[in-house]
Amino acid sequence: ENVDPQRTAFLLRKQWTLYSVSPLYGFSNAQLRDYARLLSAFIAAEKQKGLAVEVGVELDIKVAVSSLPDLKGSDQDQAAILVQLSSRSPASPKNSEEKLVWLGWFCCVAGDDLSQNVPEDFTCLPLFLANGAESYTSIVGSWFQKTFDCCFRRLAISPLNLSWMAAMWTGCKVEKTASAMELVFSVPCLPQPLDISYAIHPEDAKALWDTVQKTPGEITQEEVDVFMDCLYSHFHRHFKIHLSATKLVKVSTAIASAHCDGIVKFLQSQYLTGVLMLLTELAISQIQ
Amino acid sequence: HLATSLPLPSERDHLRPRIDLIAFMIDIKSKYSLKNVEASLAHVDASFFLGKVCFLVTGVGRVNYCSVEMNAIWKLGEVYCSPVLFCELELEGIRVATAQRLLRMLQICAGHVPGVSALSFSSLMRSSADE
């Protein structure tokens, strides 16, 4: 894992909305600057049409498209592509600081399942992460869809997958000052929506997982089930509520957090690639 | 007759008619419902598993609400030699079709269909599911 933590630090602690992206047709790593120009023109044209993002404020949107070669699983994977939208008010001087208004990146970590099965002219970057106003995500998304004949879909995460993440991330070694593991459940069939938040001391959670996991580096569905059942029984003993009858909607650990609506936060750069690998897998299964 | 779990209360045993078919309902959105069914299965007499039991899985329309792994359900069907049916309760068409299927199965299990026994019907269902 030779990911330079400095280069990816800007990806941490931000809220990312996830999308799955079908393979891009005719995409070339050599034309990133051209894409930035074309996207910039597209955004300006959309603004002219009256689809302005901020009413009353005339902002010049500058687009930068770059490659993040560190973020991939194997050499077969495409390097991640970063799109940055920054703004500068035309009133301020030419060399004043630009403010970053939106960030989006495409990536593929261990995506062999997909990339092995697509024809030559297609580029596999199945996972897209966006941070910033939804209106910008929509404009950038439409440009990519039009230009590369691909399809973006919001990536939802099922409770089953969230429990895998809870088990996997609990097993990761972090420094002593790790934050608590938190699970949030939504209770169905009630007139008023009710959320239950269950916080577990990270050391207790890790100790539990260590007794459940038989082979280090390998996780089975049974082990995840046993882990979650232990947490549910413990809760039931104290509160007489069956968490297994509710919907797990959010998992937060020291290394990352994930919400069933497809929203994640990365908290530790040493595990970034690992989490991306899992998310890439989810994106690929949504595409196929 | 509807029950949330087995065994049925013994006080009403003498008033209860003969049970011809047991349909265990599993909500794919609730792990608890699977656990409940697994616990209830232990209270069912072995003779019922000769074609008089089926599993009805609901909530399969929304993949992203899945809290139960499908493999666990298939395994249940295999272990108890009983068919697994799927039903999306929210869609009226599927609800009606499933109800009709269950009714047909019930007729066979109650012996009202000449020439077809519960056992032969269930082995027919299972071999077609395997293909």
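Trainee: Which residue in S2(B) is the bridge partner of B:Ile22?
Mentor: B:Val53 is the partner of B:Ile22. Keep in mind that this is a predicted model.

Trainee: What makes S1(B) and S2(B) a pair?
Mentor: Two strands count as paired because at least two bridges are found between them. Strand S1 (residues 22-27) of chain B and S2(B) have 6 bridges, in the parallel sense, so they pass that test.

Trainee: How does the chain get from S1(B) to S2(B), and what hand does the crossover have?
Mentor: The path goes through helix H1 (residues 31-41) of chain B, and this β-α-β crossover is right-handed.

Trainee: Why is the crossover called right-handed?
Mentor: Point the strands away from you: the path from the first strand over the helix to the second runs clockwise, so the name is right-handed.

Trainee: What lies on from S2(B)?
Mentor: S2(B) also pairs with strand S3 (residues 84-87) of chain B, in the parallel sense over 4 bridges. Within that pairing, B:Phe55 has B:Val84 as its bridge partner in S3(B).

Trainee: Why is S2(B) said to be largely enclosed by the rest of the structure?
Mentor: Buried means under 20% relative accessible area. In strand S2 (residues 53-58) of chain B, 6 of the 6 residues are buried, so the strand is largely enclosed.

Trainee: Which residues of S2(B) point which way?
Mentor: B:Val53, B:Phe55 and B:Val57 point one way, B:Cys54, B:Leu56 and B:Thr58 the other way, and all are buried. In a regular strand, side chains alternate between the two faces of the sheet.

Trainee: Over to chain A. How is chain A divided?
Mentor: Chain A has domain 1 (9-154) and domain 2 (159-260). Their C-alpha centres lie 33 Å apart.

Trainee: How do you know that both domains contribute to the second largest pocket?
Mentor: Its lining draws at least three residues from each of domain 1 and domain 2 of chain A.

Trainee: Which residues lie nearest the centre of that pocket?
Mentor: Of the 31 lining residues, those are A:Asn161, A:Leu278, A:Glu281, A:Leu282 and A:Ser285. The space there is about 770 Å³.

Trainee: Which helix gives the largest share of the lining?
Mentor: H8(A) does, with 8 residues. By class, the lining has 17 nonpolar, 9 polar and 5 charged residues.

Notes
Residues are numbered from 1 along each chain as its sequence is written. Chains are lettered from A and ligands numbered from 1 in the order in which they are written. This is a predicted model: local features need pLDDT of at least 70, side-chain atom pairs count only at pLDDT 80 or more; totals for chains, interfaces and linings use all residues. Side-chain values use heavy atoms; hydrogens and water are left out. Domain bounds come from an automatic or database domain assignment. Buried means under 20% relative accessible area, exposed over 50%, partly exposed in between (1.4 Å probe, protein chains only). Helices (H or I, at least four residues) and strands (E, at least two) are DSSP runs, numbered from the N terminus. On a 1 Å grid over the protein atoms alone, a cavity is a set of points where a 1.4 Å probe fits but cannot get out, and a pocket is an open set with protein on both sides within 12 Å along at least five of seven lines; lining residues have an atom within 4 Å of a point. Grid points are joined across faces, edges and corners, and a volume is the space filled by probe spheres set on the points. Ala, Val, Leu, Ile, Met, Phe, Trp, Tyr, Cys and Pro count as nonpolar, Asp, Glu, Lys and Arg as charged, and the others, Gly among them, as polar.
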